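I opened my notebook beside the structure today and looked up a few things in turn. Here are the entries, in the order I made them.

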Amino acid sequence: MSEIVATNQTILVVGGGISGMTAALEAAECGKQVILLEKNPSIGGRVAQLYRYFPKLCHPTCGVEINLRRIKANPNLRVITQAEVTRVSGEAGNYQVKVRIAPRYVNENCTNCGACAEAVEAEFDDEFNYGLAKRKGAYLPHAMAFPQRYVLDSRIIGTDDADKARAACAYGAIDLEQQEEEVDLNVGAIVWATGWKPYDAARIQPYGYDRIANVITSVEFERLADPHGPTGGRILRPSDGKEAKNIAFIQCAGSRDRNHLLHCSRICCMASLKQTHYVREKYGDDGQVSIYYIDIRAIDRIDDFHRRVKADPNVRFIKSKVASITEDKATGNPVLNGVDTEGYHRYANPHDLVVLAIGMEPSVPRDAYPMEININEEGFIEADPESGAIFAAGCSADALDVNRAVQSATAGALRAIQVVNRVAGTEG
Ligand SMILES: Cc1cc2nc3c(=O)[nH]c(=O)nc-3n(C[C@H](O)[C@H](O)[C@H](O)COP(=O)(O)OP(=O)(O)OC[C@H]3O[C@@H](n4cnc5c(N)ncnc54)[C@H](O)[C@@H]3O)c2cc1C
Ligand code: SF4
Ligand code: SF4
């Protein structure tokens, strides 16, 4: 890796999702030196894993693509992937940051020809598709990945597969000698944008995510609907590959529950409303959706979105917290059990597929931050003057949609710029 230049006038952005990319670009386009660290082999975060965006239902790729073009064009911005911060010390205007960078085993010569992937035999769960598909031990994280460069999975290093990959590469791009690196950076301000992760659905035991094949999560459903996803965009049941036309969504799965996440994840109502469109888009009038909800929390312009979905005769809203899901062994259908609180009818409703509108929690566990930071009851970072020049952006600060995440990232960038400007003023 080429030398990383950083000074106390550099802004460090941690996390390369839409929030981190936005904060990094805003600061770099104001002429500041910025380093953007991402722990995965490519940037884009969870937005890159969505099929479509609410409220306009456009493809997220276009928004991500515009940002990537701006990143490539900006000499003030350095992106470092497979990098994690292990320690931060110091104070506003002068932080010392230790960064661990994992080896990619593939250098800049890579042309994306894919020959290494063909040569390798080992397969692993594909993280980009939430484990719904497999990928090779040599792989491109996804079609839009930036950098557009293959990666060798560290689990094949030292095996025959690693040698086969190297032998297959006609460009001398595979370097099996690469080692983990630790670098020290001096920076003036930090924007922390490590985002969110889906709540572990297996912990909601009555819903049987870990036992019933046709119970999936909303993030997995995004991948099923995506033409670049594991089923080529067909909504098929994991158990038998049959088309799933009668689909139930269960709201607040893991959120607003003292046994799981206390907070409302704020996005999942809108995400399910959006996903009803996927079903109707794929199956037309044959697509039937039932949304089991406590109350629908649709915000801003999305209220209109909600009204439109409500007017759809193929979408049923059932006001009820589902008590449990069992499986009809003969058909593989999940059966939802509970009481409809609007008529107090007991139900046992079979569906082809159940989608859990899973809660969002911070991606970094509360005890895993490499610095002193104020964390609230839900595990999100609280704005606090005691945190000096470490500013949280996007879903590391709250469960937010993209619009709000981007606003919070711009605010974070602005605060960071103010700090490094002060440093420049004192030193100049
Ligand atoms: C089912 C579902 C559907 C959704 N659909 C929509 C929609 O249609 N429209 C909309 O506006 N919003 C939608 N959202 C919300 C949207 O996903 C978020 O607003 C968005 O992902 C926030 O971006 P972020 O950059 O803050 O976080 P993330 O997307 O989580 O990005 C964080 C990045 O930080 C990296 N990272 C994590 N930890 C570290 C670390 N320690 N060091 C370095 N890097 C790290 C991650 O790898 C990731 O790249 C949806 C959410 C769900 C659950
Ligand atoms: S590492 Fe080599 S073989 Fe693999 S995609 Fe890149 S250029 Fe092709
Ligand atoms: S946004 Fe909707 S589904 Fe998600 S936790 Fe809040 S009320 Fe429940």
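Predicted model: local features only at pLDDT ≥ 70, side-chain atom pairs only at ≥ 80, totals over all residues.

**Entry: helix α5**

I started with α5 and listed its buried residues: S218, V219, E220, F221, E222, R223, L224 and A225. That makes eight of eight residues in helix α5 (residues 218-225), so I noted the helix as mostly covered. Next I asked what covers the buried residues of α5. The cover includes β12 (196-198), β13 (215-217), β14, α6 and β20.

**Entry: strand β14 and its partners**

Of the eight residues in strand β14 (residues 246-253), seven are buried, so the strand is largely enclosed by the rest of the structure. I then traced how the chain gets from β14 to β15: it passes through helix α6 (residues 268-283), and this β-α-β crossover is right-handed. β14 and strand β15 (residues 288-293) run parallel and are joined by five bridges. I checked one position in this pair and found F249 opposite I291 of β15.

β14 also pairs with strand β20 (residues 353-358), in the parallel sense and over five bridges. Here I wrote down I247, which stands opposite L353 in β20.

**Entry: the five-stranded sheet**

In which order do the five strands of the open sheet follow one another? I read it off as β3-β2-β1-β11-β22, with parallel pairing. The edges are β3 (77-80) and β22 (390-392); each has a single partner strand, so one side of each is left without a neighbour in the sheet. From one strand to the next, the twist averages 20°.

I looked into two of the pairings. β1 (residues 10-14) and β11 (residues 189-192) pair in the parallel sense over four bridges, and V14 stands opposite W192 in β11. β2 and β3 also pair in the parallel sense, over four bridges, and L37 has I80 in β3 as its bridge partner.

Which helices lie across the strands? I noted two. Helix α1 (residues 18-29) lies across β1, β2 (33-37), β3 and β11, and runs at about 165° to β2. Helix α8 (residues 402-427) lies across β1, β11 and β22, and runs at about 170° to β11.

**Entry: R149**

I turned to R149, in the loop between β8 (138-139) and β9 (151-152). R149 is buried yet has no salt bridge. What is the nearest side chain of opposite charge? I found E108, 4.1 Å away. The cut-off for a salt bridge is 4 Å, so a nitrogen and a carboxyl oxygen have to be within that distance to count. Leaving out residues up to four places away in sequence, R149 touches R104, V106, N107, E108, C110, N112, L140 and P141.

**Entry: salt bridges**

How many salt bridges does the structure hold? I have 28 in my notes, and I followed some of them up.

E121 forms one with K164, with the closest N and O atoms 2.9 Å apart. E121 lies in the loop between α3 (115-119) and β6 (123-125), and K164 in helix α4 (residues 160-168), so the pair ties together parts that are 43 residues apart in sequence. E121 is exposed, at a relative accessible area of 58%, while K164 is partly exposed at 35%.

I then came to a network of salt bridges that links E127, R135, D153 and R155. In the bridge between E127 and R135, the closest N and O atoms are 2.8 Å apart. E127 is partly exposed, with a relative accessible area of 44%, and R135 is buried, with 8%. D153 and R155 meet through their side chains in a salt bridge of 2.9 Å, N to O. D153 counts as buried at 6% relative accessibility, whereas R155 is exposed at 51%.

Methods. Residues numbered from 1 in each chain as written. Chains lettered and ligands numbered in written order. Heavy atoms only, no water. Pairing = 2+ DSSP bridges. Helix = DSSP H or I, 4+ residues; strand = E, 2+ residues; numbered from the N terminus. Axes fitted to C-alpha atoms, helices over the stretch in contact; angles between N-to-C directions. Contact = heavy atoms within 4.5 Å. Buried < 20%, exposed > 50% of the residue type's maximum accessible area, 1.4 Å probe, protein only. Lys, Arg positive; Asp, Glu negative; His and termini not counted. Right-handed = clockwise from strand over helix to strand, strands pointing away.
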